[in-house]
Amino acid sequence: MLQYQTIPVTPFQQNCSLIWDDQTRQAAVVDPGGDLDLILAAVQTNKLKLEQIWITHGHLDHASGTADLAEQLGGLPIIGPHPADQFWIDGLPQAAAAYGFPPARVFHPTRWLHDGDTVTLGAHTLQVRHCPGHTPGHVVFYSPEIKRAFVGDVLFAGSIGRTDFPQGNHEDLLASITQRLWPMGNDTVFIPGHGPESTFGRERKTNPYVGGT
């Protein structure tokens, strides 16, 4: 069975997630935006073998710790995001300086992701959906096995991702939510990039931006 733990990191309280196989302890980390000491402490506490880094999109609070973490752990593979977020990754050093974050380095994903791809963790497979709108290269990770979706900044409990950043697009975001998230099922729990978990069904009923869709 897959297990996960969410660890808020950076001054933006971004939900970094550890996902692991409870038998083999093989683990991946989603969006190590910073505070690597907290992430590595959770790895140690849970007795995990961190093997992969998965990135939903290239924004600072989701990706700024990626290069350092990969290097510290002997060159961990960096999986994602979609290639359309290359410009955000290239801008990480400047963004870190602008927002008062610790220095961040550009990284080069081991593997870019596209809609319909999968990622594997031990014997477990998660689906990848390209969900542009917040950023053009945003992806989400979905496990049908445990009915959980790690959606980054596409959707929040009671809100949706901002689209006023460079290459953001409101219509694309709404299409990503309604066409690529909703089919995962009303009972699927999603882990957003910030704030509490919710279900797609709840957001379809009550979210002021996409309720009734």
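## A threonine in a loop

Let's start with threonine 10, which sits in the loop that links β1 (2–9) and β2 (14–21). This is a predicted model, so keep that in mind as you read. Threonine 10 is buried, with a relative accessible area of 6%.

What does threonine 10 touch, leaving aside its neighbours within four places in sequence? Its contacts there are Gly33, Gly34, Asp35, Asp61 and Phe101.

## The nonpolar core

Next up is the largest nonpolar core, made of 28 residues. The ones touching the most other members are Leu18, Val29, Ile39, Leu50, Ile53, Leu92 and Phe107. At least two core residues come from each of β1, β2, β3 (26–30), α1 (36–45), β4 (49–54), α2 (60–63), α3 (66–72) and α5 (92–99). The biggest giver is α1, with 4 residues.

Take leucine 50 as a close-up. Setting aside neighbours within four places in sequence, leucine 50 is in contact with Leu18, Ala27, Ala28, Val29, Val43, Leu69, Leu73 and Leu76.

How many disulfides does the structure hold? The count is 0. Cysteine 16 is in no disulfide, and the nearest cysteine sulfur, in cysteine 131, is 19 Å away.

A disulfide needs the two sulfur atoms within 2.5 Å.

Are these cysteines buried or exposed? Cysteine 16 is buried, with a relative accessible area of 0%, and cysteine 131 is buried too, at 0%.

Technical notes. Residues are numbered from 1 along each chain as its sequence is written. This is a predicted model: local features need pLDDT of at least 70, side-chain atom pairs count only at pLDDT 80 or more; totals for chains, interfaces and linings use all residues. Side-chain values use heavy atoms; hydrogens and water are left out. Buried means under 20% relative accessible area, exposed over 50%, partly exposed in between (1.4 Å probe, protein chains only). Contact means heavy atoms within 4.5 Å. A nonpolar core is a set of buried Ala, Val, Leu, Ile, Met, Phe, Trp, Tyr and Cys residues joined through side-chain atoms within 4.5 Å.
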